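Me: I would like to learn how to read aromatic contacts and cavities in a model like this one. Could you take me through them step by step?

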Amino acid sequence: MINASLKALAGQLAAGTVSSEELARAYLDRIETLNPLLNAFISLDRDKTLAEARAADARRAAGSAGPLTGVPLAHKDLFCQQGWKTSCGSRMLDNFVSPYDAHVVEQCKAAGMVTLGRTNMDEFAMGSSNENSWYGPVKNPWDVNAIPGGSSGGSAVAVAARLTPVATATDTGGSIRQPASHCGITGLKPTYGVVSRYGMVAFASSLDQGGVVAQTAEDCALMLNVMAGFDKRDSTSVERAAEDYARDLARPLAGLKVGLPREYFAEGLSPEVARVVEAAVAELKKQGATVVDVSLPNTALSIPSYYVIAPAEASSNLSRYDGVRYGHRAAEYADLVDMYEKTRAEGFGAEVKRRIMVGTYVLSHGYYDAYYIKAQKIRRLIANDFVEAFKSCDVILGPVAPTAAFDLGSMNNDPVEMYLSDIYTLSVNLAGLPGMSVPAGFAANGRPIGLQLIGNYFGEARLLNVAHQFQLATDWHTQQPAL
Amino acid sequence: MKWEVVIGLEVHTQLSTVSKIFSGASTAFGAAPNTQACNIDLAYPGVLPVLNEAAVDKAIRLGLALGSKINQKNVFARKNYFYPDLPKGYQISQMDLPVVEGGQIAIQLGDEEKVIRLTRAHLEEDAGKSLHEDFHGLSGIDLNRAGTPLLEIVSEPDMRSVEEAVAYARALYTLVTWLGICDGNMQEGSFRMDVNVSVRPQGQEAFGTRREIKNLNSFRFLEQAAKYEIQWQIDQLEDGGKIQQATVLFDPDTGETRMMRSKEDAHDYRYFPDPDLLPVRIGDEWIARVKGEMPELPEQMKARFAEQYGLSAYDAALLTASLAQARYFEAAAGDCGQGKLVANWINGEIAARLNRDGGDIAACPIGPQRLAGLVMRIADATLSSKLAKQVFDAMWDCDLSADAIIERDGLKQVSDVGAIEKMVEDAIAANPKAVEEFRAGKEKALNALAGQVMKASKGKANPAQVLEILKNKLTA
């Protein structure tokens with residue numbers, strides 16, 4: 001049961017072979033056993049979870065269950081959830097219990113899904129290794145000496161270790177795709193604007209996008225059906241007709257044009273990741289896809305432009321954590337400025353402080369044009385690169401990260417080295433496109449390697465179709481870590 | 001040395017929307033602290049602003065009234081600084097692309113008119129309030145005002161005297177209240193002025209260094225503060241000193257301005273476009289809709305009043321000093337068809353009394369319909385002007401109509417020739433001395449006789465008729 005997909009569990013609930021309460025208890029028991037090792041969850045509340053599960057069972061008994069009613073899930077600890085601590089992995093919000101639900105949480109509740117708990121993450125979603133959490137690093141279930149990826153490391157590990165069938169996540173520069181890749185699971189970052197940001201604690205507003213990590217592409221499609229939709233409380237939410245993201249899953253891949261950006265297969269890509277990606281390309285070709293050479297010439301500029309724009313927005317977004325109204329406040333201080341300084345010095349971790357300082361600097365008088373404006377221009381060029389590329393292909397395929405998961409603690413002294421590992425994921429956020437990570441193989445040391453698929457704007461259904469067809473022919477996504 | 005004064009104003013007008021500019025919380029004044037601040041106003045993690053388009057409507061109204069350019073694409077930016085009553089750590093404002101650019105407004109200085117140019121008007125949210133009393137060394141924060149929509153209206157440095165500055169502020173005040181975009185309640189902070197003041201030697205082209213007086217909430221303070229500041233700057237310069245660019249505060253108790261911060265202490269606000277809000281696109285349809293909802297503007301109405309009711313420009317200007325006054329006039333004039341008479345009453349007796357009591361037309365106890373009723377009785381000669389005044393006095397203190405008072409007090413003017421002839425004859429008989437004097441050529445004696453007749457009629461006889469009949473009888 002624990003290994004079943006979201007789809008399978010939904011089927012069992014519908015058939016009455018299992019109750020939501022039984023499912024919730026089974027997962028909670030497993031979490032209780034494994035979380036001390038993996039540290040995937042920040043908050044658990046057995047009573048609350050079981051109450052939700054019983055309510056779902058009652059709803060089913062009343063005949064008003066939806067397709068996912070009673071299925072458990074976990075929320076990344078940056079989706080505000082009423083009555084739950086919403087810490088964002090930060091000491092700053094360690095005492096913050098949200099008074100309201102994020103749009104995504106509302107949607108999941110309305111579907112009747114049951115909250116197992118709140119997953120660990122890099123503080124304020126800033127990080128690629130999940131080592132930046134106030135609650136300690138998350139461990140990769142494939143190898144507890146490896147990082148799980150970040151920032152949605154807790155969500156990815158919870159799915160990989162079968163602590164939940166599915167988890168919400170967010171992706172600002174790769175925070176869904178990279179941990180999904182490192183944990184051997186499937187992750188989907190939708191087009192910017194498809195999932196409302198209302199109630200998602202902001203890191204970089206123009207890049208943040210909610211999404212999902214699950215075992216399969218099909219499960220991602222089912223979840224996106226729940227999570228997506230226009231929300232007038234988010235001005236950047238896109239108003240479009242509702243769609244069934246699972247509608248194209250069964251479509252054969254014959255005639256599919258797959259673009260391979262030559263910049264993604266250049267220097268810096270490890271041979272074993274290259275080998276995995278090439279094998280995946282071969283599989284798609286076998287299914288009738290054709291391969292097209294495309295170019296994304298400004299890829300290298302995605303790192304500097306991202307690391308200007310994201311910190312700039314973050315420096316402003318995180319100003320509200322001032323100790324005045326909620327969250328951490330220093331115990332002792334001399335005056336207002338001292339209160340601000342001590343509160344923020346204590347409340348934020350090193351990486352968050354680093355980005356606030358960088359962001360403050362690039363927005364400063366006299367530097368704004370040279371950094372922020374220039375980065376925005378590059379962002380436009382990067383988006384145009386994709387527009388050009390999609391003229392000759394349906395999806396773009398490449399690696400998620402240059403290597404499989406690196407060792408915990410191995411990059412702590414070199415933040416820039418860690419930033420460079422985001423090279424294949426950042427452009428997607430800068431352009432606002434949908435992207436996926438799909439399990440496609442393993443490194444020699446047994447750590448998983450994912451394949452990145454990038455779709456055109458609002459091309460989620462096609463992307464999910466390609467991933468699903470790939471998964472029908474491969475079993476990488478069904479493999480589990482030995483725990 | 002002769003000095004020339006240069007003044008520019010930045011006015012923060014609070015827009016009279018029902019809810020805040022980026023949240024659904026109420027903007028009503030005076031609620032218990034923090035009861036009108038929702039999750040968005042409190043800047044909880046994860047909340048997002050959504051623009052209240054009613055605020056944009058009001059900005060467009062002003063732009064249209066000033067003949068400004070309405071920017072079809074305008075952008076909200078974040079102005080970053082830390083302060084306890086600024087919940088997000090930034091204020092959402094407009095920087096590079098404000099909603100309104102350019103435009104002008106005419107001010108009246110005695111008989112002369114001068115045009116003041118507007119630089120821009122941009123939308124922004126207000127901050128909350130810090131309360132430093134009653135908390136024993138601590139500060140209280142009230143976020144009810146946080147997120148209230150403001151339109152900051154910036155003038156060019158076109159004013160050359162304090163009088164011009166005050167006239168400009170008043171003209172702008174009249175306009176924003178006229179347009180219904182601001183309730184004009186200055187005590188509640190609905191119209192707050194920052195004044196940039198500099199002086200330069202007469203004839204010099206380059207501006208002097210300016211100092212900005214912040215947050216004045218009455219025209220009297222504006223006048224006092226600017227006068228003090230100008231003299232202070234001239235004194236400095238004449239003593240061989242220099243003016244440093246600075247922000248200053250006005251202390252109404254001492255009548256002085258004092259330094260708040262120098263240019264060196266100025267914040268770096270790190271403006272950048274707010275990524276939570278899309279650029280506002282104002283299409284022709286939006287502008288056309290707002291245009292259709294606009295009231296007739298004061299200048300247009302003034303011209304129409306003069307033309308339609310045969311009023312002097314002066315009277316028309318007085319009547320259009322506020323929209324409420326103009327509407328009162330039109331209601332009364334429409335009811336009785338006597339525009340000129342109605343105008344005389346409003347600009348005369350009513351204005352004098354309201355002025356005495358310190359109220360405006362809204363405080364007038366006689367509504368336009370009742371005034372029309374009174375005017376009709378003057379027009380049809382039922383009331384002499386003296387009687388009319390008497391009826392008006394009675395109306396001021398009760399809510400009876402003019403007719404009801406005339407009836408109650410028997411104040412109808414007597415125009416019955418027979419009755420007046422009888423009274424005239426009685427007066428001639430009773431005052432032979434006066435009659436003799438008149439016949440001897442003393443015209444004045446006629447007035448004495450007429451006075452006797454009026455007295456006998458208890459003031460109700462038609463005075464013109466009395467005089468005519470008297471003359472006839474005496475010269476017959």
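Reply: Happy to! Let's start with helices: they are DSSP runs of H or I with at least four residues, numbered from the N terminus. This is a predicted model, where local features need pLDDT of at least 70 and side-chain atom pairs count only at pLDDT 80 or more, while totals for chains, interfaces and linings use all residues. Residues are numbered from 1 along each chain as its sequence is written, chains are lettered from A in the order in which they are written, and side-chain values use heavy atoms, without hydrogens and water.

Me: How many aromatic pairs does the structure hold over all chains?

Reply: Rings of Phe, Tyr and Trp (its six-membered ring) pair if their centres lie within 6.5 Å; planes under 30 degrees apart are stacked, over 60 edge-to-face, and the rest tilted. There are 31 such pairs over all chains. Take B:Phe305 and B:Tyr309: their ring centres are 5.8 Å apart and their planes are at 80°, so this pair is edge-to-face. Both belong to helix α5 (residues 298-309) of chain B, 4 residues apart, about one turn of the helix.

Me: Are B:Phe305 and B:Tyr309 buried or exposed?

Reply: Buried means under 20% relative accessible area, exposed over 50%, and partly exposed in between (1.4 Å probe, protein chains only). B:Phe305 has 0%, so it counts as buried; B:Tyr309, with 17%, is buried too. For another pair, look at B:Phe392 and B:Trp396: their centres are 5.7 Å apart with planes at 45°, so the pair is tilted. Helix α10 (residues 385-397) of chain B holds both. B:Phe392 is buried at 0%, and B:Trp396 is buried at 11%.

Me: Which charged end sits over the ring of B:Trp396?

Reply: A charge sits over a ring if NZ of Lys or CZ of Arg is within 6 Å of the ring centre and within 35 degrees of the ring normal. Over B:Trp396 lies the charged end of B:Arg353, 5.0 Å from the ring centre.

Me: How much space lies in the largest cavity?

Reply: On a 1 Å grid over the protein atoms alone, a cavity is a set of points where a 1.4 Å probe fits but cannot get out; lining residues have an atom within 4 Å of a point. Points are joined across faces, edges and corners, and the volume is the space filled by probe spheres set on them. The largest cavity has about 150 Å³. Its lining has 19 residues, and among those closest to the centre are B:Asp41 and B:Lys88.

How values were computed. Helices (H or I, at least four residues) and strands (E, at least two) are DSSP runs, numbered from the N terminus. On a 1 Å grid over the protein atoms alone, a cavity is a set of points where a 1.4 Å probe fits but cannot get out, and a pocket is an open set with protein on both sides within 12 Å along at least five of seven lines; lining residues have an atom within 4 Å of a point.
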